[in-house]
Amino acid sequence: MSDGLDSAGRELLFSEARSVRSFSDKPVPDEVLAELWSLARWPPTAWNSQPLRVTYVRSPEGKARLLPLVDERNRDKTRQAPVTCVLAADLRFHDHLPELFPGKPDLREFLERADREGHARFNAALQIGYFVLAARAVGLSAGPMAGFDAGAVAKEFLDPQPLRALLLVNLGYPRPDAAPPRLPRLPAGHVVSWL
Ligand SMILES: Cc1cc2nc3c(=O)[nH]c(=O)nc-3n(C[C@H](O)[C@H](O)[C@H](O)COP(=O)(O)O)c2cc1C
């Protein structure tokens, strides 16, 4: 039986990791981004549906298209970050279910006529949590941002028919200076019940 991660691993993923707002100019190699996804793809989603879609915006041209669509307060960090990810939910996730969830062959047809947006958003949001932890696991720091124009980002970077932009996440290596004091977390007694 495994005892899980040692304390260094737990600190890296959870207790010492911060939402980073200020990035050094150290570049993020493509192999690190590929490694990130090779981990983030494994945790569970309902029907194994995996609706998250990821766009890595790295080029100066891409950043120039993105910055006007980001809230003013998020612009400097987005400009600085070597990579900004557009994380989106694919409302046509069901097209892949015959392969991803072969035990229910009628599911794709059923979902073609159903409202799929809630499922896509919920499961893609779960995957975003996994994505942030995977980024930390490969040594990156992440800065999630909901402050942007989701409709405009979908139009500019995605096919807005099936894709809904959910969150931007800056990725890179933090400047040593910058973290503000950690905000408190709710105590376990407020959150967790034991029956
Ligand atoms: C869904 C989501 C949206 C967020 N949106 C923003 C944002 O628009 N701008 C920002 O500066 N931080 C944003 N944050 C960062 C949070 O404020 C931050 O994670 C929280 O205060 C905890 O900080 P810590 O991880 O450094 O302890 C967001 C975080 C999440 C998970």
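Start with Gly-143. Its bridge partner in β4 is Asn-170. This is a predicted model, so please read every value as computed. Strand β3 covers residues 141–145, and strand β4 covers residues 163–172. Five bridges join the two, and they run antiparallel. Is β3 largely enclosed, or open? Four of its five residues are buried, so the rest of the structure largely encloses it.

Now the nonpolar cores. The largest has 28 residues. Leu-36, Leu-140 and Leu-171 have the most contacts inside it. Who supplies this core? At least two residues each come from α2, β2, α6, α7 and β4. Helix α7 gives the largest share, seven residues.

On to charges. Side chains of opposite charge can pair when their charged atoms come close. The search of the whole structure finds 13 salt bridges. Take Arg-108, which pairs with Asp-95. The closest N and O atoms there are 2.8 Å apart. Arg-108 sits in helix α6, while Asp-95 sits in the loop between β2 and α5, so the pair ties together parts 13 residues apart in sequence. Both are partly exposed: Arg-108 has 24% relative accessibility, and Asp-95 has 32%.

Arg-108 also forms a salt bridge with Glu-112. Here the closest N and O atoms are 3.5 Å apart. Both residues lie in helix α6, four residues apart, about one turn of the helix. Glu-112 is partly exposed, at 31% relative accessible area.

Next, Glu-117 and Arg-164. They form a salt bridge, with the closest N and O atoms 3.3 Å apart. Glu-117 belongs to helix α7 and Arg-164 to strand β4, so this pair ties together parts 47 residues apart in sequence. Glu-117 is partly exposed, at 24%. Arg-164 is partly exposed too, with a relative accessible area of 24%.

Which residues join into one network? Salt bridges with shared partners link Arg-92, Asp-95, Arg-108, Glu-109 and Glu-112.

Last, the surface. Leu-186, Val-191, Val-192 and Trp-194 make a nonpolar patch of about 510 Å². Trp-194 is in the segment after α9, which covers residues 188–191. Is Trp-194 buried or exposed? Exposed, with a relative accessible area of 79%.

That's my tour. Over to you.

Terms used. Residues are numbered from 1 along each chain as its sequence is written. This is a predicted model: local features need pLDDT of at least 70, side-chain atom pairs count only at pLDDT 80 or more; totals for chains, interfaces and linings use all residues. Side-chain values use heavy atoms; hydrogens and water are left out. Buried means under 20% relative accessible area, exposed over 50%, partly exposed in between (1.4 Å probe, protein chains only). Two strands pair if DSSP finds at least two bridges between them. A nonpolar core is a set of buried Ala, Val, Leu, Ile, Met, Phe, Trp, Tyr and Cys residues joined through side-chain atoms within 4.5 Å. Patches are made of residues with over 30% relative accessible area and no salt bridge: like charges are joined within 9 Å, nonpolar side chains (Val, Leu, Ile, Met, Phe, Trp, Tyr) within 5 Å. Accessible areas come from the Shrake-Rupley method with a 1.4 Å probe; for residues, only the protein chains shown count as cover. A salt bridge is a side-chain nitrogen of Lys or Arg within 4 Å of a carboxyl oxygen of Asp or Glu.
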